[in-house]
Amino acid sequence: MRGKRVIFASAIALCLSISAGAQNIDRGYFNKSRNAMVFAPKGSWFLGGSAEYSLHENDKLSLSVLKDFDSNGFKVSVSPSFGYIIKDNIAAGVRINYSRNNVDINSLSIGVAGTELDWKDYCILKHDYSAALFLRNYIPVDHAGRLALFVEMQLSGNGGQSKIHCLRDGNVVGTYSTNKGASLGVN
């Protein structure tokens, strides 16, 4: 019984000594003292974004259920963003996005349990666009101001169009669709 008391007392003493060494770090939101951590100072502008381009080509590809998969296509996507730091470590900005996909399926066969499905001369063309307003809160991690995490809330709207058509018995047959949407998100 005495051994358990010694271990319990030692654990409490260790916890107290660890918590006594803890310090309060001001992240720069409320206190404007000299030691406040600031990653993004008020009045700064920032610019960022991404771009993507990819090609694919399948020449008579065969997998377990896919047979004679012959297709080619591309994808292009551009997404710039810019913003302004309205208060230390708090930013507001805009992000826009545009992407375009094109897939030409020359032939595709799918065979499952003795059932065969064949596609020939299909074309899929799709483009999407979106715009978002965001509010970003930076959380500095180091005192040098080089590393930070952020939490972002955004309000976005999007839209797009797609066409799918094929050549059947010498005639072009297909569908056309449009989409629109809005979202509120937290990253």
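Author: Let's begin with a strand pair: S5 and strand S6 (residues 171-186) run antiparallel and are joined over 16 bridges. Two strands count as paired if DSSP finds at least two bridges between them. Before going on, please note that this is a predicted model, where local features need pLDDT of at least 70, side-chain atom pairs count only at pLDDT 80 or more, and totals for chains, interfaces and linings use all residues. Residues are numbered from 1 along each chain as its sequence is written, and side-chain values use heavy atoms, with hydrogens and water left out.

Reader: Thanks! How many residues sit between S5 and S6 in the hairpin?

Author: There are 2 residues between them, and Asp169 in the turn has a positive phi of about 55 degrees. Leu167 has Val172 in S6 as its bridge partner.

Reader: And which strand does S4 join?

Author: Strand S4 (residues 115-140) runs antiparallel to strand S5 (residues 148-168), with 19 bridges between the two. Pro140 faces Ala148 in S5.

Reader: Let me zoom out. How many helices and strands are in the chain?

Author: The chain has 1 helix and 6 strands, in the order α-β-β-β-β-β-β from the N terminus. Both kinds of element are DSSP runs numbered from the N terminus: helices are H or I with at least four residues, strands are E with at least two.

Reader: What share of the residues is buried?

Author: Of the 187 residues, 24% count as buried. Buried means under 20% relative accessible area, exposed means over 50%, and partly exposed lies in between (1.4 Å probe, protein chains only).

Reader: Back to S5. Is Glu152 buried or exposed?

Author: Glu152, found in strand S5, counts as buried because its relative accessibility is 2%. Its side chain makes a polar contact with the side chain of Arg95 at 3.3 Å. A polar contact is a pair of N or O atoms within 3.5 Å; within protein, one must be able to donate a hydrogen and the other to accept it, and residues adjacent in sequence count only if both atoms are side-chain atoms.

Reader: What else does Glu152 touch?

Author: Not counting residues up to four places away in sequence, Glu152 touches several residues, including Phe134, Leu135, Gly185 and Asn187. Contact means heavy atoms within 4.5 Å.

Reader: Now Ser79, please. Which residues does Ser79 touch?

Author: Leaving out residues up to four places away in sequence, Ser79 touches Gly48, Gly49, Ser50, Arg95, Ile96 and Asn97. Ser79 lies in strand S2, and a polar atom of the Ser79 side chain is 3.3 Å from the backbone oxygen of Ile96. Ser79 is buried because its relative accessible area is 14%.

Reader: Changing topic: which residues make the nonpolar surface patch?

Author: Trp45, Leu47, Phe82, Tyr84, Ile86 and Leu135 make a patch of about 680 Å². Like charges are joined within 9 Å, and nonpolar side chains (Val, Leu, Ile, Met, Phe, Trp, Tyr) within 5 Å. The areas come from the Shrake-Rupley method with a 1.4 Å probe; for residues, only the protein chains shown count as cover.

Reader: Which strand supplies the largest share of the nonpolar patch?

Author: That is S2, with 3 residues. Strand S1 (45-61) and strand S2 (66-87) each supply at least two.

Methods: Patches are made of residues with over 30% relative accessible area and no salt bridge: like charges are joined within 9 Å, nonpolar side chains (Val, Leu, Ile, Met, Phe, Trp, Tyr) within 5 Å. A salt bridge is a side-chain nitrogen of Lys or Arg within 4 Å of a carboxyl oxygen of Asp or Glu.
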